[in-house]
Amino acid sequence: MQLFNQIIDYGLKIKTSDIHLGVGCQPVIRRDGKISFISDFPALTEEQMSEIIKQMANDKQYAKLQDGFEVDLGFSYQDKARFRVNIYKETRGFNAALRYLSDTVPSLDDLGLPKTLKDLVGRPYGLILVTGPTGSGKTTTLAAMIDHINQTTNQHIITIEDPIEYLHQNKQCLIKQREIGEDEDSKSFPNALRAALREDPDVILVGEMRDFDTIALAITAAETGHLVLSSLHTNNTYQALNRIIDAFPVEHHVQIRSQLQQNLVGVVAQRLIPKRGGGRVAALEILINNNTIKAQIKDNKLQAIADTIRSSRNEGMILLEDYIKKLISDEIITMEAAQRFLASQAAY
């Protein structure tokens, strides 16, 4: 469909991060975190949206939409770009939210992320979490971490995603990517993770830990000698640990704290902040599971974690607030851009 191609080409030209399409509405883009309408294009009709959706969704996905469900999928556009797409229905009809994904996997250096992240993925086993709100770049950071393993080690990596976003090529590692709902053993994250454990992996990426079963299996995988990377929707490292513990019944909290104490490698919480001159930069909070953190997890003293991170900067740890202040002092971001992110940390 020519109109759809024109919209995508326009978005790629001006380097948008997201494109929103919906019945009765002009196309909308997000660039550098800000929403704006594309006045060059008309409001989309129901017929146009139906045709656009058919270009992105396969028959199985389209049938699911017709039954009233929403669909997540990966969409490649003319070898120019790849998008993560969510298609859903609201009062006026179908809508689609497209998140741009680079056609190449960025490196940790490309993203300007600290060497500490390379050290974390250099561990032979354990659990690494990347957390943050939707749109904070978690998927990109995880992809860059997997790419670093792919370039520097000889291992078997299995990714379990919904949908597959970045496409990895075998470099020094063998990489197999599985999509929830599309592969026979991948009807859900728990099913796919159970299957992966039988397939001789060294490293497992679980796109998101959404439920109790996935969290429990991911920790078990880390405990049995695998390096497991995954994401959570939490605002900081303290909340990530709380979220995992609270996913279990109270009578199992002592056990899960013991498992986390022994198997956690680290937690990275991040935000994307507008840069001077355009674009966005990741600001991180980094927790490394050293002996002090281990004791705090075991003894249920998670409220002391922020103080430990603050006093352990020489080990590679840093609070989000301090990372943001460094970005300001390095003149990468402005105080104005940082203000609301700093305010959100006041109650930490």
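What relative accessible area does Q55 have? The value is 33%, so Q55 counts as partly exposed (buried is under 20% relative accessible area, exposed over 50%, partly exposed in between; 1.4 Å probe, protein chains only). The model is predicted: local features need pLDDT of at least 70, side-chain atom pairs count only at pLDDT 80 or more, and totals for chains, interfaces and linings use all residues. Residues are numbered from 1 along each chain as its sequence is written, and side-chain values use heavy atoms, with hydrogens and water left out.

**Q55 sits in helix 2, residues 46-56.** Helices (H or I, at least four residues) and strands (E, at least two) are DSSP runs, numbered from the N terminus. Beyond its neighbours within four places in sequence, Q55 is in contact with M1, F4, N5 and F75 (contact means heavy atoms within 4.5 Å). L111 is 56 residues from Q55 in sequence. In space, the C-alpha atoms of Q55 and L111 are 32 Å apart.

**Six strands form an open antiparallel sheet, in the order 3-2-1-6-5-4.** Two strands pair if DSSP finds at least two bridges between them. Strand 3 and strand 4 each have a single partner strand, so one side of each is left without a neighbour in the sheet. From one strand to the next, the twist averages 25°. Angles run from 0 to 180 degrees between N-to-C directions; axes are lines fitted to C-alpha atoms, for helices over the stretch in contact. Seven bridges link strand 4 to strand 5 (residues 81-90) in the antiparallel sense. F75 has F83 of strand 5 as its bridge partner. Helix 2 packs on this sheet and touches strand 1 (18-22), strand 4, strand 5 and strand 6 (93-101). The direction of helix 2 makes about 45° with that of strand 6. Helix 3 lies across strand 4, strand 5 and strand 6, at about 140° to strand 4.

**Strand 2 (residues 28-31) and strand 3 (residues 34-37) form a hairpin with two residues between the strands.** Four bridges join this antiparallel pair. D32 in the hairpin takes a positive phi near 55°.

**Seven strands make an open sheet of mixed pairing, ordered 9-8-10-11-7-12-13.** Strand 9 (174-179) and strand 13 are the edge strands, each pairing on one side only. The twist from one strand to the next averages 15°. Strand 8 (residues 156-161) and strand 9 run parallel and share six bridges. I157 is partnered by I175 of strand 9. Helix 8 (residues 237-246) lies across strand 7 (126-131), strand 11 (227-232), strand 12 (264-274) and strand 13. Helix 8 runs at about 130° to strand 12. Helix 12 (residues 320-329) packs on the sheet too, touching strand 12 and strand 13. Its direction makes about 140° with that of strand 13.

**Helix 6 (residues 189-196) is mostly covered.** Six of its eight residues are buried: F189, P190, A192, L193, A195 and A196. Which elements do these buried residues pack against? They meet strand 8, strand 9, strand 10 (203-206) and helix 7 (212-223).

**The largest nonpolar core holds 77 residues.** A nonpolar core is a set of buried Ala, Val, Leu, Ile, Met, Phe, Trp, Tyr and Cys residues joined through side-chain atoms within 4.5 Å. M145, I160, L229, L241, I244 and I324 have the most contacts inside this core. Strand 13 (residues 280-288) gives the most to it, with seven residues. L241 touches L260, L264, V267, L287, I297, L302 and I305, not counting residues up to four places away in sequence. Another core, of 30 residues, lies apart and includes V23, L44, I52 and F83.

Helix 3 (59-66) and strand 4 (71-77) each supply at least two lining residues. Helix 3 gives the most, with three.
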